[in-house]
Amino acid sequence: MKHLILFTLLFCSSFSLLAKELNLERFAHHYFKLMTETQKPNATSKELESYLSLLTDDIGHSHLPYVVDDSRLPDGKASMRKGMTFYLGAHDKYEATLLDVFVFNNSAIAIRYKNYAKGVHPQNNQPIEYSQTMMEVLELEGDKVAVIRKYHE
């Protein structure tokens with residue numbers, strides 16, 4: 001009987017780890033969907049808050065080469081909200097395609113995507129248009145993103 005219980009526990013633990021890995025894959029797709037929704041022309045604070053709900057309050061964020069410090073700070077999510085609100089609705093057109101998802105054990109995800117944006121920069125009112133391939137490495141803490149590192153190819 002003890003062997004049956006031990007086998008059941010080991011089997012359930014192994015299945016749980018596999019399910020966790022599959023959940024990380026789904027999480028990556030969900031993260032990408034919510035993140036890209038914040039960049040669309042009709043994005044509102046609703047889309048922004050849906051995206052921010054995936055992040056820890058003390059999120060660390062880097063976006064090389066512009067922001068190089070990814071230290072986790074108590075006001076990390078509040079700072080991201082402020083910065084993203086400033087740019088909310090700046091695009092007249094936005095498209096994004098998810099190219100790759102990589103899952104690393106139970107604590108990190110990398111997503112690689114290509115995006116295109118066209119609009120007016122809210123700070124200087126100059127036209128902007130760009131297409132780029134990006135990689136985001138997401139460090140997870142529980143079911144939330146704790147650190148985001150963005151890289152341009």
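How many helices and strands are there in the protein? There are 3 helices and 5 strands, where helices (H or I, at least four residues) and strands (E, at least two) are DSSP runs numbered from the N terminus.

**Before you look.** This is a predicted model, so local features need pLDDT of at least 70 and side-chain atom pairs count only at pLDDT 80 or more, while totals for chains, interfaces and linings use all residues. Residues are numbered from 1 along each chain as its sequence is written, and side-chain values use heavy atoms, with hydrogens and water left out.

**View 1. The order of the elements.** Start at the N terminus and the run reads α-α-β-α-β-β-β-β. Of the 153 residues, 33% count as buried (under 20% relative accessible area with a 1.4 Å probe, protein chains only; exposed is over 50%, partly exposed in between).

**View 2. The largest nonpolar core.** Here are 24 residues, and the ones that touch the most other members are Tyr31, Tyr51, Leu55, Ile109, Val145 and Ile148. A nonpolar core is a set of buried Ala, Val, Leu, Ile, Met, Phe, Trp, Tyr and Cys residues joined through side-chain atoms within 4.5 Å. α1 (2-37), α2, β1, α3, β3, β4 and β5 each give two or more residues to this core, and α1 gives the most, with 7.

**View 3. Ile148 and its partners.** Skip the neighbours within four places in sequence, and Ile148 is still in contact (heavy atoms within 4.5 Å) with residues including Tyr31, Tyr51, Leu55, Met80 and Val137. His61 is also one of the contacts of Ile148.

**View 4. The largest pocket.** Its volume is about 1100 Å³, taken as the space filled by probe spheres set on grid points joined across faces, edges and corners. A pocket is an open set of points on a 1 Å grid over the protein atoms alone, where a 1.4 Å probe fits, with protein on both sides within 12 Å along at least five of seven lines; lining residues have an atom within 4 Å of a point. Of the 34 lining residues, His61, His63, Met84, Tyr87 and Lys150 are the closest to the centre. α3 supplies the largest share of the lining, 6 residues.

**View 5. Pro65 in its loop.** Look between β1 and α3 for the loop that holds Pro65. Is Pro65 buried or exposed? Pro65 counts as exposed because its relative accessibility is 61%.
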